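These are my notebook entries on a structure that I had not examined before. I record what I looked up, entry by entry.

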Amino acid sequence: MWKGDLKGKIATDSLNNKETYGLGPIEFLKGEIVVFEGQTFVSKVIDSVSHQVTKIPSVRAPFFVYSTNSDLKVVELTLDNYSLKKIEEHIDSVYKNYDQPLLIRIDGVFNKMKLHSVNLPDGEQVSSPDEAHQGLTQYDLKNISGSLIGFFSRNHKAVFTHHDSFFHAHFISNDRGVLGHIDETDFNSSKVILKVSK
């Protein structure tokens with residue numbers, strides 16, 4: 001992205017087994033991708049209040065993080081309520097002696113969810129994250145059921161997590177009508193199940 005190369009480097013049909021999870025942007029930053037249990041879903045911006053989610057056989061991404069061998073185990077939550085930062089801190093403490101990337105899946109009802117979908121205008125050149133966010137559209141949701149799919153790593157800042165975080169996550173709703181990159185969330189631990197795969 002820093003060099004303006006937004007062409008697809010990986011196609012999701014190469015990852016289609018039932019244990020695969022992954023996330024990233026559509027090539028040329030035209031939407032968001034979630035690979036969920038081996039199936040590819042994409043979201044594209046329609047306007048400032050809506051987007052369209054489609055299940056498709058394959059899509060290409062300029063960068064993508066994925067796991068093809070998930071062995072998800074339930075991990076206990078210790079607080080009543082969690083934000084995105086609090087779940088990152090929880091994973092960091094539970095796995096403090098583990099130094100490899102982790103796949104995170106949280107299923108349940110989320111009290112609040114702020115998502116975005118990239119939507120770079122045609123012909124725009126990109127050489128930084130700020131430029132990549134031209135056309136980005138945010139959506140605020142409440143009491144939504146679905147799954148957070150994320151990847152945690154202390155060693156991949158600005159590779160597959162943000163430069164200021166160990167965690168990068170997307171969301172897909174149970175009805176498959178909502179999908180996007182998670183900017184903020186808030187949920188009650190009694191309404192969700194956290195699973196982690198090494």
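**Entry 1: His181.** I began with a pair of histidines: the side chains of His181 and His168 are joined by a polar contact of 3.3 Å. By polar contact I mean a pair of N or O atoms within 3.5 Å; within protein, one must be able to donate a hydrogen and the other to accept it, and residues adjacent in sequence count only if both atoms are side-chain atoms. I located His181 in strand E13. Strands (E, at least two residues) and helices (H or I, at least four) are DSSP runs, numbered from the N terminus. Is His181 buried or exposed? His181 counts as buried because its relative accessibility is 5%; buried means under 20% relative accessible area, exposed over 50%, and partly exposed in between, with a 1.4 Å probe and protein chains only. I also looked up the C-alpha distance from His181 to Val34, which is 9.2 Å in space for 147 residues in sequence.

**Entry 2: basis of the values.** I note that this is a predicted model, in which local features need pLDDT of at least 70 and side-chain atom pairs count only at pLDDT 80 or more, while totals for chains, interfaces and linings use all residues. Residues are numbered from 1 along each chain as its sequence is written, and side-chain values use heavy atoms, with hydrogens and water left out.

**Entry 3: the chain as a whole.** I found two helices and 14 strands in the chain. The radius of gyration is 16 Å, close to the 16 Å that the globule rule gives for 198 residues, so the chain is as compact as a globular protein of that length. This radius is taken over C-alpha atoms, and the rule is 2.2 Å times the number of residues to the power 0.38. Along the principal axes, the C-alpha atoms fill a box of roughly 45 × 35 × 30 Å. Of the 198 residues, 48% are buried. I then turned to contacts, meaning heavy atoms within 4.5 Å. Among contacts with a separation of 6 or more, 69% are between residues 24 or more positions apart.

Entry 4: I placed Gly22 in strand E2. Gly22 counts as buried because its relative accessibility is 0%. Beyond four places in sequence, Gly22 touches Ile33, Val34, Val35, Phe64, Val65, Tyr66 and Phe151. Its C-alpha lies 15 Å from that of Ser173, which is 151 residues away in sequence. Thr20 is in the loop between strand E1 (10-11) and E2. Thr20 has a relative accessible area of 0% and is therefore buried. Which residues does Thr20 touch, not counting those up to four places away in sequence? I listed Leu15, Val35, Phe36, Glu37, Gly38, Ser67 and Thr68.

**Entry 5: Ser189.** I found Ser189 in the loop between strand E13 (179-188) and strand E14 (192-197). With a relative accessible area of 19%, Ser189 is buried. Where does the side chain of Ser189 reach at 2.7 Å? I found the backbone oxygen of Leu79 at that distance. Setting aside residues up to four places away in sequence, Ser189 touches Leu77, Leu79, Asp80 and Tyr82.

**Entry 6: Ile46.** I looked next at the loop between strand E4 (39-45) and strand E5 (51-56), where Ile46 is found. Ile46 counts as exposed because its relative accessibility is 54%. Apart from neighbours within four places in sequence, Ile46 is in contact with His51, Gln52 and Tyr139.

**Entry 7: two positive phi values.** Phe28 has phi near 60°, a positive value in a residue other than glycine. I placed Phe28 in the loop between strand E2 (21-25) and strand E3 (32-36). Its relative accessibility is 42%, so Phe28 counts as partly exposed. Arg176, too, is a residue other than glycine with a positive phi, near 60°. Arg176 is in the loop between strand E12 (167-173) and E13. At 26% relative accessibility, Arg176 counts as partly exposed.
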